[in-house]
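The stops below are given in the order in which to select them.

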Amino acid sequence: MVDVIAYEIDEKHIRYKCPFCYTLSSGRITDKAYNPRTFTLYKSAKPNIHTHGSCGELHNRIETRSSHCTFNNEQVNIHITDETKRPFGNNVVNFFKNYNQTI
Ligand SMILES: [Zn+2]
């Protein structure tokens, strides 16, 4: 089981930056941010982003899903937190959070 924080959520998708794979500017996906033969960092390496369905819900929670990762097949606990980007910015979510607390 792996815990990750969702980078972004919208009505359709949850996205997180995978701790196990990287995308290179060539489009290749690799499990290492460096060339294993020369031990030099790939300058273009960025964390690869995996996408799962959000069930149309934007609130903070933990979603447990099967991994989409080629390099790690453990289940992932995707934490949707205050850090997770929302479609209209996090102020809207905070507005509803505060609004619900006052009812
Ligand atoms: Zn991955």
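Select Gly27 and count its surroundings: it has 6 C-beta neighbours inside 10 Å and therefore counts as exposed. The cut-offs are 20 or more other C-beta atoms within 10 Å for buried, 12 or fewer for exposed and partly exposed in between, with C-beta atoms placed from the backbone. This is a predicted model, in which local features need pLDDT of at least 70, side-chain atom pairs count only at pLDDT 80 or more, and totals for chains, interfaces and linings use all residues. Residues are numbered from 1 along each chain as its sequence is written.

Gly27 sits in the loop that runs between strand 3 (13–23) and strand 4 (29–30). Helices (H or I, at least four residues) and strands (E, at least two) are DSSP runs, numbered from the N terminus.

Next, go to Phe39, in the loop between strand 5 (34–35) and strand 6 (40–41). Its phi is positive, near 55°, and it is not a glycine. Phe39 is exposed because it has 8 C-beta neighbours inside 10 Å.

Then pick Cys55, in the loop between strand 7 (46–53) and strand 8 (61–65). Phi of Cys55, another residue other than glycine, is positive too, near 60°. With 9 C-beta neighbours inside 10 Å, Cys55 counts as exposed.

Finally, colour by pLDDT, the predictor's confidence in each residue, from 0 to 100. The chain averages 91, and 86% of the residues score at least 70. Among its elements, strand 9 (residues 76–80) has the highest mean pLDDT (98) and helix 1 (residues 90–102) the lowest (63).
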